[in-house]
Amino acid sequence: MRHGISGTRRASVAATVALTAGAVLASGAFASAARAAAPPTPTVTAKGGFVMNDGTAKTLYGKAADTRRSTGSTTKIMTAKVVLAQKNLNLDAKVTVQKAYSDYIVSKTASSARLIVGDKVTVRQLLYGLMLPSGCDAAYALADKFGTGTTRAARVKSFIGKMNASAKSLGLKNTHFDSFDGIGGGSNYSTPRDLTKIASSAMKNSTFRAIVKTKSTKQKVTTKTGGYRYMSWTNTNTMLGSYTGMIGVKTGSGPTAKYCLVFAATRNGRTVIGTVLTSTSATTRTADAKKLLDYSFKK
């Protein structure tokens with residue numbers, strides 16, 4: 001009799017264990033399914049967009065990612081990349097600000113680092129002036145300094161040639177530059193995917209990374225008379241300090257380009273990098289980038 005009761009109890013216990021195990025497995029399956037459910041794909045205002053995992057180059061989002069568009073001042077990412085790729089680069093070398101640089105920004109109504117003719121600024125300072133306030137005068141100075149030729153026009157043409165050679169070396173098929181700052185003659189274009197790849201490559205340089213994550217800087221420069229003055233520059237990328245993990249990289253705008261942004265952020269050791277082109281305003285390009293970053297970090 002005892003054996004029969006024992007057997008019944010064993011059967012009951014076994015059934016209970018089986019039911020419990022089944023419930024655990026089922027709940028685990030539901031949990032896994034919930035985790036596996038992809039976040040909803042965001043809707044962005046920009047006509048083109050692309051985001052990738054910077055560590056693996058895996059595509060996380062794309063919208064007209066390979067459609068050629070005007071890039072505005074995001075062009076300056078390549079300007080900086082070319083400068084930083086120069087052999088035996090001396091970031092502390094002095095460059096004298098020429099009247100031509102000042103005349104250029106006036107004639108183009110271009111964004112400016114407010115460089116003053118006759119001042120001597122370092123290459124490093126010009127890179128800050130290029131990337132933070134998006135100075136087209138700083139871009140001109142760098143192209144004049146690092147191009148080759150006996151005339152300024154020849155040096156600028158040479159520098160733009162280096163920009164195109166750099167794009168080609170990255171295997172980019174949909175990118176072409178006809179200017180050092182994005183104010184081109186109609187043949188300055190790239191795509192969200194290509195620009196993201198350019199930025200990813202540029203971000204491998206420690207000087208570039210340090211510059212593009214800087215919210216503002218005050219730089220001491222030498223004046224024409226041998227004295228000194230301070231130049232203060234603020235980054236046009238308002239996501240720095242307002243989006244957790246934001247580390248760069250560059251805004252852009254223009255009559256054709258509208259509003260653009262190349263952006264990168266790191267969270268929990270994971271970096272995502274992307275681009276939005278042809279958004280409708282400075283506000284919407286930031287909103288677009290935030291949506292894409294939020295989405296990408298959830299994937």
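## Aromatic cluster

Phe 180 is buried, with a relative accessibility of 6% (buried means under 20% relative accessible area, with a 1.4 Å probe and protein chains only). The model is predicted: local features need pLDDT of at least 70, side-chain atom pairs count only at pLDDT 80 or more, and totals for chains, interfaces and linings use all residues. Residues are numbered from 1 along each chain as its sequence is written, and side-chain values use heavy atoms, leaving out hydrogens and water.

Ring pairs join Phe 180, Tyr 104, Tyr 101 and Tyr 140 into a cluster (rings of Phe, Tyr and Trp, the last by its six-membered ring, pair if their centres lie within 6.5 Å). Tyr 101 and Tyr 140 have ring centres 5.0 Å apart and planes at 50 degrees, so this pair is tilted (planes under 30 degrees apart count as stacked, over 60 as edge-to-face and the rest as tilted). Tyr 101 is in helix α3 (residues 99-108) and Tyr 140 in helix α5, 39 residues apart in sequence. Tyr 101 is buried at 3% relative accessible area, and Tyr 140 is buried at 14%.

## Packing of α5 and α6

Helix α5 (residues 136-146) packs against helix α6 (residues 152-169) at about 95 degrees, with the axes 7 Å apart. The two helices are therefore roughly perpendicular (65 to 115 degrees). Axes are lines fitted to C-alpha atoms over the stretch in contact, and angles run from 0 to 180 degrees between N-to-C directions. Helices are DSSP runs of H or I with at least four residues, numbered from the N terminus.

Tyr 140 is among the α5 residues in this contact, and Phe 159 is among those of α6 (heavy atoms within 4.5 Å).

How values were computed. Angles under 35 degrees count as roughly parallel, over 145 as roughly antiparallel, 65 to 115 as roughly perpendicular and the rest as oblique. Buried means under 20% relative accessible area, exposed over 50%, partly exposed in between (1.4 Å probe, protein chains only).
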